[in-house]
Amino acid sequence: MDPVLRFKIPPRTLSLLKSIGRLADERGESAYAVGGIVRDLFLKRPGVDIDITVEGDGVTFAEKFAKLTGSEVETFTRFGTSIVVVPGFGKIDIATARTESYEKPGALPAVKKSGIVQDLYRRDFSLNAMALSLSPGYFLKLLDPFGGLEDLKKGRIRALHEKSFIDDPTRIFRAIRFEQRFRERIEPRTQKLLSQAVRGNYIQRVSGERLRNELRLIFQEPHPEDAVRRLGELKILPYIHAALGISFRVKKSLSQIASAIAFFKKTGMVLDEETMVWFQALLMEPSPAEAVSLSKRLMLSKAEQKIVTQSAKVFPTLLKNLGKIGLPVSRFYRFLSPLRPEVQCFLMAMAGRTVRKKMVHYFERIQETEFWIRGRDLKTLGIEPGFQYSFILLEALNGQLDGKFKNRKEALAWVKKTFVL
């Protein structure tokens, strides 16, 4: 065992790995830590999840391990996998070593028991095809049949076989995520295979839900702007939907999106669908019909659909209106308040420097503004409830934002003079 690996593994994790190895040994089986935990140890990055592969019966092994540790277990018999939730630690994924075959590109795989080497070969990239033995006599001995460690050292992402992206086109997006996260490059042969799968339109065979989830994962990376640019460079987006792409204008402003999101968080403006701020950067000014079609293709939620529809309607034309000289704060409110916060945030990111400064001023102003006139005030003044309430409240707020009134007393006096007979 490499002593550096032992030092980097947290004590509780190390103890659990030893327990897994002993249990497998007692059962006459072999267990391995595989995938991300191995890769991240060599990259000296803190790992989160533990994936275990068992040469034997992974489902039964998981049940025995759960009983041994007082854990809960959830089993997926079709794939020979289980999730064990260890108290005070978290989840451990345990799977039977297996091979996979695909009835058609993009479909879920059919699985069959195998040995550990065959199991590693079914994986996406060489950097994820390494394993650490957990057997007591070979504890943490590296198994690297496909040169993953060498690829890590040379900073390259390499697919394991010719049909990798055809069997599972979601690996296209995973390659881009890994490339940006680890600051490595997709090696030439793998990029060629990736491009062939893209041009072959295999992405269209992937369900909208899986595509949406892959895009979300990209937007959750530390630097989504790099991955978004790469999606554009590799000409992947139109194969997801014709309404997707990256315009020159958006490409120039991608770095501003993270700043806009940070500003919204700092000022207390909630972004319930934060990843959708990034998603808007992929929209090629779709028509209303295209926006609906895109939402259906990616199975977007109602909230996400509303963001797409609003963004398609107002970008980039609204930015021209916001850039007009002498535009009062009340007009900013009228333009922006009907929009979802995610759309407002995207517009701020895409705005030029002058308009962005105006938007910053507006957002800071509106966040600290306590509305002086409320519906209860109108009722107290004897104004009958009805459609006119909305109009009066909006006009009162406009006057407040534009400095027409100095205080609540003046605002109330104006309402009384203007609307009370």
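Predicted model: local features only at pLDDT ≥ 70, side-chain atom pairs only at ≥ 80, totals over all residues.
Biologist: I'd like to start with helices. How do I read a pair of packed ones, say α8 and α10?

Modeller: Two packed helices are described by the angle between their axes and the distance between the axes. Here, α8 covers residues 171-181 and α10 covers residues 208-219; they pack at about 5°, with axes 10 Å apart. Angles under 35 degrees count as roughly parallel, so α8 is roughly parallel to α10.

Biologist: Which residues of α8 and α10 meet?

Modeller: On the α8 side, look for Phe173, Arg174 and Arg177. Across from them, α10 brings in Leu211, Glu214, Leu215, Leu217 and Ile218. Sorted by type, the contact of α8 with α10 has five nonpolar residues, three charged ones and no polar ones.

Biologist: And what about α19 and α21: at what angle do they pack?

Modeller: Those two, residues 329-336 and 353-368, pack at an angle of about 85°, and their axes are 10 Å apart. An angle from 65 to 115 degrees counts as roughly perpendicular, which means α19 is roughly perpendicular to α21. From α19, the contact uses Val329, Phe332, Tyr333 and Leu336. From α21, the residues include Tyr362, Phe363 and Ile366. Overall, the residues of this contact split into eight nonpolar, one polar and two charged.

Biologist: How far apart are Ile203 and Tyr239, in sequence and in space?

Modeller: They are 36 residues apart in sequence, while their C-alpha atoms are 6.5 Å apart in space. Tyr239 is also one of the residues that Ile203 touches.

Biologist: Now backbone angles. What should I look out for?

Modeller: Most residues other than glycine have a negative phi, and most peptide bonds are trans. With that in mind, check Lys44, where phi is positive, near 60°. Lys44 lies in the loop between α3 (36-42) and β2 (50-55), and it is exposed, with a relative accessible area of 60%. Glu285 has a positive phi too, of about 45°. You'll find Glu285 in the loop between α15 (275-279) and α16 (288-297); it is exposed, at 51% relative accessible area.

Biologist: Which peptide bond is cis?

Modeller: Go to the bond from Phe315 to Pro316, which is cis with omega near 5°. Pro316 is in the loop between α17 (302-314) and α18 (317-322).

Biologist: What lines the largest cavity?

Modeller: Its lining includes Arg212, Leu215, Phe219, Met276 and Glu304. The elements that give two or more residues are α10 and α15, and α10 gives the most, with four. By type, the lining has five nonpolar, one polar and three charged residues.

Notes. Residues numbered from 1 in each chain as written. Heavy atoms only, no water. Axes fitted to C-alpha atoms, helices over the stretch in contact; angles between N-to-C directions. Parallel < 35°, antiparallel > 145°, perpendicular 65-115°, else oblique. Contact = heavy atoms within 4.5 Å. Nonpolar A, V, L, I, M, F, W, Y, C, P; charged D, E, K, R; others polar. Buried < 20%, exposed > 50% of the residue type's maximum accessible area, 1.4 Å probe, protein only. 1 Å grid on protein atoms, 1.4 Å probe; cavity = no way out; pocket = protein on both sides within 12 Å on 5 of 7 lines; lining within 4 Å. Lists of a residue's contacts leave out its neighbours within four places in sequence.
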